Amino acid sequence: MVKPELTESIPVHGSYDLAATLSLFALGRGDPCVRIDSEHVVRCALSTRQGAAALRLTREPETLRVELVGDDLEWLQPRLPAALGLSFTPPILEGPHCLRALAHRLAGLRLLKLPVLFPRIVQLILQQLVTFQDACHGWRSLVQRYGIAVDDDLYLPPTPAVLARLASYQFVECGILPQHGRRIRGLARLADRIETLWGVGDSPDAINQTSDYLLHQPGIGPWTVGYLRGSAMGDGDAIVIGDYGFPKHVAYFFEGREEADDDEMLRILEPYQPHRFYVLSLLIKGTKPPPRRAPRHRLLRDRLRAPHH
């Protein structure tokens, strides 16, 4: 990374797994905004009010060393502990031995409260009703075409102003479905309002007010908002409704069943309030889902390809 403009060391209390925690807001291993160089060194980009900042994070014995370059660093600096998961205290979970063992093994996993939500919203839109592989490809292409390169392999994400000006064909050229492009472009025009409501989560009502506003926007439903609350807003009890795999994953881990729906997932997770998203995150990061038996969705490149007559 280029020479840092600001460096600080943040105290770390308790177990903290830097790579696992930062992977929570990476869209796949090839995310150009999050580069996990090793277990103890991560480079990433965080959006700010005025643009974005590039960070180099180094896990030291009792601190996290943060080197920053970019926009709005004085505004970002006091918000770094929450953004990097250091303000989150993992709960002590009661329950079956398999869960307690998993929580012990992943004791360093923390949930994030990002200072700016819009890039994460874009990532979640790209994951709606497509394969994870396709979502990763779309995000990677979008960032590399319209973001800003910091290093050879680290990019700042595209700003809302840039995304609001893109034409439909430019999203499609990135391998993104037209309806996803329209949603991203529409929300980019509302980004200032979204971030004002969020206000870095400083207000007790910020999560609910932001969630309610997003749920009134076209193409944004409970899955997107629930996942946003858990993965970017620090809501350890967020519920993700409408996911194909999560109910099966939860039922498989706790009850050994390969089939389940949202209602069954909620029943199984109910004893773990107010930590249901945290429990789900442990399962996602630390356990295998049930064997896949249903046919996979067609790859997006096949869905975008014009039919031959």
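**Aromatic pairs, salt bridges and spaces**

Phe254 is buried, and Tyr272 is buried as well; buried stands for under 20% relative accessible area, exposed for over 50%, and partly exposed for in between, with a 1.4 Å probe and protein chains only. Before going on: this is a predicted model, in which local features need pLDDT of at least 70 and side-chain atom pairs count only at pLDDT 80 or more, while totals for chains, interfaces and linings use all residues. Residues are numbered from 1 along each chain as its sequence is written, and side-chain values use heavy atoms, with hydrogens and water left out.

Aromatic contacts, then. The whole structure has six aromatic pairs. Rings of Phe, Tyr and Trp (its six-membered ring) pair if their centres lie within 6.5 Å; planes under 30 degrees apart count as stacked, over 60 as edge-to-face and the rest as tilted. Phe253 and Phe254 make an edge-to-face pair, 4.9 Å centre to centre with 90 degrees between the planes. Both of these residues, Phe253 and Phe254, are buried. How are the rings of Phe254 and Tyr272 arranged, stacked or edge-to-face? Their centres are 5.5 Å apart and their planes are at 25 degrees, so this pair is stacked. Phe254 sits in helix α13 (residues 246–255) and Tyr272 in the loop between α14 (262–269) and α15 (276–286), so the pair ties together parts that are 18 residues apart in sequence. Helices here are DSSP runs of H or I with at least four residues, strands are runs of E with at least two, and both are numbered from the N terminus.

One aromatic cluster is formed by Trp223, Tyr227, Phe246 and Phe277. Over the face of Tyr227 lies Arg120, 5.6 Å from the ring centre. The criterion is NZ of Lys or CZ of Arg within 6 Å of the ring centre and within 35 degrees of the ring normal.

Next, salt bridges. There are 13 in the structure, each being a side-chain nitrogen of Lys or Arg within 4 Å of a carboxyl oxygen of Asp or Glu. In the one between Arg43 and Asp151, the closest N and O atoms are 3.1 Å apart. Arg43 is in strand β3 and Asp151 in the loop between β6 (148–149) and β7 (155–156), so the pair ties together parts that are 108 residues apart in sequence. Arg43 and Asp151 are both buried. They also belong to a salt-bridge network with Arg35, Asp37 and Asp153.

Asp72 and Arg49 meet in another salt bridge, at 3.1 Å from N to O. Is Arg49 buried or exposed? Arg49 counts as exposed, at 51% relative accessibility, whereas Asp72 is buried, at 19% relative accessible area.

Last, the spaces. Three cavities of 30 Å³ or more are present. On a 1 Å grid over the protein atoms alone, a cavity is a set of points where a 1.4 Å probe fits but cannot get out; a pocket is an open set with protein on both sides within 12 Å along at least five of seven lines, and lining residues have an atom within 4 Å of a point. The largest cavity has a volume of about 150 Å³. Its lining has 16 residues, and those closest to the centre are Phe25, Ala45, Leu114, Pro119 and Arg120. The second largest pocket holds about 510 Å³. Of its 27 lining residues, the closest to the centre are Thr48, Arg49, Val116, Pro160 and Asp192.

Conventions. Grid points are joined across faces, edges and corners, and a volume is the space filled by probe spheres set on the points.
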